[in-house]
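Here is a briefing on one protein chain. Look at the model first, then read the points by topic.

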Amino acid sequence: MWDWNYTFSIMPELLHAFLMTVYVTLAGFAVASVIGLILAVGARSRFVAVRIVVRCIVEFVRNTPLLVQVFFIFFSLPLLAGISLSAFATGVIGLGLHYATYLSEVYRSGIDGVPKGQWEAATALNMTKSRTWMSVVLPQALPPIVPMMGNYLIVMFKETPILMAVTVAEVLLAAKNIASVTYRVFEPYTIVGVLFLVVSVVVSLLFRRLEKRMNRTNGPVLKR
């Protein structure tokens, strides 16, 4: 039977851990968004060596498990390079680097979708490369990929329980600790499941609205 008194007693601890889950997800997504864009731009470099390095990084990271990467950052970096990171920083970097490789492909699809004529028009107008990217390419490349980026944000959020392996105080670890003390698993794990469901649905709806808004305010289309 569901015990409401027990539920109310454990909610503060679960909500506190839930906030940690949200923080590590958002920070990891920010890292993934920035590095993913860098990788996407690097994959289009005119230098063959840069393109090869980027491709090797993407393939290596995407084809190794996130858990192994998190373990490496948390346990191996201190031994190999003397770099010790907190559990939170490890989670952010692990999630960020791992999903940056996926977002790089998302960015690539958006950039490839910008008509070739837009690049030619920017060149004809003597725009610098940085201005071409910031004023012409990205404003047109981002709206179509917003749904995919939202999907990866949700996936990252649902992947955070992996971080309990390095003692990140996320919500599933809190539920596990509560259950190990009280020997009641139904309430804490159900609450965690509901929280994940609610956040995933809300984020999905928000990104749909963002997509519609960005499509209405799409970037400039240049004409030669």
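Ser200 is found in helix H8, which covers residues 186–216. Its relative accessible area is 12%, so Ser200 is buried. The model is predicted.

- Leaving aside neighbours within four places in sequence, Ser200 is in contact with Ile154, Phe157 and Lys158.
- Thr21 lies in helix H1.
- Thr21 has 0% relative accessibility, so this residue counts as buried.
- Which residues does Thr21 touch, not counting those up to four places away in sequence? They are Phe157, Thr160, Glu170 and Val171.

**The chain as a whole**

- The chain has eight helices and zero strands.
- From the N terminus on, the elements run α-α-α-α-α-α-α-α.
- Along its principal axes, the C-alpha trace spans about 70 × 45 × 20 Å.
- The chain has 224 residues, and 40% of them count as buried.
- Take the contacts between residues at least 6 apart in sequence: 80% of these join residues at least 24 apart.

**How H1 packs**

- Two packed helices are described by the angle between their axes and the distance between the axes.
- Helix H1 spans residues 4–42, and helix H4 spans residues 87–112.
- The axes of H1 and H4 come within 5 Å and cross at roughly 45°.
- That angle makes H1 oblique to H4.
- H1 passes H4 in a right-handed crossing.
- The residues of the contact of H1 with H4 divide into 20 nonpolar, seven polar and one charged.
- H1 also packs with helix H7, residues 171–182.
- Here the angle is about 150°, and the axes are 8 Å apart.
- The crossing of H1 with H7 is right-handed.
- On the H1 side, the contact is made by Tyr6, Ile10, Glu13, Leu14, Ala17, Phe18 and Thr21.
- On the H7 side, Val171, Ala174, Ala175, Ile178 and Thr182 take part.
- By class, the contact of H1 with H7 has nine nonpolar, two polar and one charged residues.

**How H5 and H6 pack**

- The axes of H5 and H6 come within 11 Å and cross at roughly 165°.
- The two helices are therefore roughly antiparallel to each other.
- Is the crossing of H5 and H6 left-handed or right-handed? It is right-handed.
- H5 brings Gln118, Trp119 and Ala122 to the contact.
- H6 brings Thr132, Trp133, Val136, Val137 and Gln140.
- The residues of this contact divide into five nonpolar, three polar and no charged.

**Aromatic rings**

- How many aromatic pairs are there? The count comes to eleven.
- Trp119 and Trp133 form an aromatic pair that is edge-to-face.
- Their rings are 5.3 Å apart, centre to centre, with 85° between the planes.
- Trp119 lies in helix H5 (residues 116–124) and Trp133 in helix H6 (residues 129–159), so the pair ties together parts that are 14 residues apart in sequence.
- Trp119 has 23% relative accessibility and counts as partly exposed.
- Trp133, at 18% relative accessibility, counts as buried.
- The cut-off that matters here is 20%, because buried means under 20% relative accessible area.
- Elsewhere, ring pairs link Trp2, Trp4, Phe8 and Phe186 into a cluster.

- Most residues other than glycine have a negative phi.
- Thr167 has a positive phi of about 70°, although it is not a glycine.
- Thr167 lies in the loop between H6 and H7.
- Is Thr167 buried or exposed? At 55% relative accessibility, Thr167 counts as exposed.
- Tyr183 has a positive phi of about 60°, and it is not a glycine either.
- Tyr183 is found in the loop between H7 and H8.
- Tyr183 counts as exposed, with a relative accessibility of 72%.

Technical notes: Residues numbered from 1 in each chain as written. Predicted model: local features only at pLDDT ≥ 70, side-chain atom pairs only at ≥ 80, totals over all residues. Heavy atoms only, no water. Axes fitted to C-alpha atoms, helices over the stretch in contact; angles between N-to-C directions. Helix = DSSP H or I, 4+ residues; strand = E, 2+ residues; numbered from the N terminus. Parallel < 35°, antiparallel > 145°, perpendicular 65-115°, else oblique. Left-handed = near helix turned anticlockwise from the far one by under 90°. Nonpolar A, V, L, I, M, F, W, Y, C, P; charged D, E, K, R; others polar. Buried < 20%, exposed > 50% of the residue type's maximum accessible area, 1.4 Å probe, protein only. Contact = heavy atoms within 4.5 Å. Phe/Tyr/Trp six-rings, centres within 6.5 Å; stacked < 30°, edge-to-face > 60°.
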